[in-house]
Amino acid sequence: MSSIKQTGEKKLMFFSGRAYPELAEEVASHLGILTSPTTLRDFANGEIYARYQESVRGSDAFVIQSHTGPINQWIMEQLIMVDALKRASAKRITVIMPFFGYARQDKKGRGREPITARLMADLFKTAGADRLMSIDLHTSQIQGFFDGPVDHLFAMPVLVNYLKDKLDLANTTVVSPDTGRVRLSERWADTLGTPLAFIHKRRDLDVANQVKVNEVVGRVKGRTCVLIDDMIDTAGTICKAADALYEQGATDVVVAATHAVFSDPAVDRLKNSRISEVIVTNTLPIPEEKRFDNLTVLSIAPLIARAITEVFSDGSVTSMFEGDS
């Protein structure tokens, strides 16, 4: 079975690109369906071809694609899939991007820079998307870049439920690696019932992925610190933050992040750091060569499946997070 039908011929169809079919299959299993059969292939010059093997006319179509490397290829493939759905008369098209590519380019820090996150939203709108769904956007303002509904899902419940069983919360402090994550850290601290700390840092604007840690603000001495972030790219920020916490007397540092980008040399940095555990979700594929002993990967598939069900049944996605949206 590759679709769900409701009274009045309402039909859910679920499609996957080639970037991360394992996540799509896991989401489909939670929905109780199969991914709809799709032909996807590359021409000799690298152009992408897409065709759906079943009629999509009048369907509520959901297209999932993880924006992993090579990121531009998979974004283009998802755009082409959306265009094919629009031209085949799908009734509503929801684009699911667990990790929103180019989300860090959400504003102009200096003159003559692009706002590529806005360009991404415009591209998907032009292709025919009616709705976007993503997890832990780099900044919430990205929701306003898309002219239509945006379902901003949070991985915090998945990560928090795991940590609650592992930590002595009376001796734990939630730590934001920079001031930009303080609001998210406050939600974590409120949920766990722990104090909050943050690290003041300064980034070199002329050198990508280079961070200078300045000082720790908050109670960390003699405590277990949970460093949280939306993504780990090269792990420079996280590792320097962990070093700063140990220098201030922290007894243990655990890292929790949603998106495991793990660009080189992230894995080497994390392996050689004093961080006791790195907890991430599977919004992006993590190949075996990028896995290490103290890495824990939690599945985000049940969360995505529930959000799809809420959208399809005209339910409330916001209610999934008890008002946090």
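A salt bridge is a side-chain nitrogen of Lys or Arg within 4 Å of a carboxyl oxygen of Asp or Glu. The views below come from a predicted model, in which local features need pLDDT of at least 70 and side-chain atom pairs count only at pLDDT 80 or more, while totals for chains, interfaces and linings use all residues. Residues are numbered from 1 along each chain as its sequence is written, and side-chain values use heavy atoms, with hydrogens and water left out.

**View 1. Salt bridge between D60 and R92.** The N to O distance is 2.6 Å. D60 belongs to strand 5 (residues 60-64) and R92 to strand 6 (residues 92-97), so the pair ties together parts 32 residues apart in sequence. Strands (E, at least two residues) and helices (H or I, at least four) are DSSP runs, numbered from the N terminus. D60 has 5% relative accessibility and counts as buried (under 20% relative accessible area; exposed is over 50% and partly exposed in between, with a 1.4 Å probe and protein chains only).

**View 2. Salt bridge between R104 and D233.** The two side chains meet at 2.7 Å, N to O. R104 sits in the loop between strand 6 and helix 3 (116-127), and D233 in the loop between strand 12 (224-232) and helix 6 (236-247), so parts 129 residues apart in sequence are tied together. R104 is partly exposed at 41% relative accessibility, whereas D233 is buried at 11%.

**View 3. Salt bridge between R291 and E288.** Their closest N and O atoms are 3.9 Å apart. R291 is partly exposed at 34% relative accessibility; E288 is exposed at 63%.

**View 4. Network of salt bridges linking R18, D42 and E77.** The structure holds 14 salt bridges.
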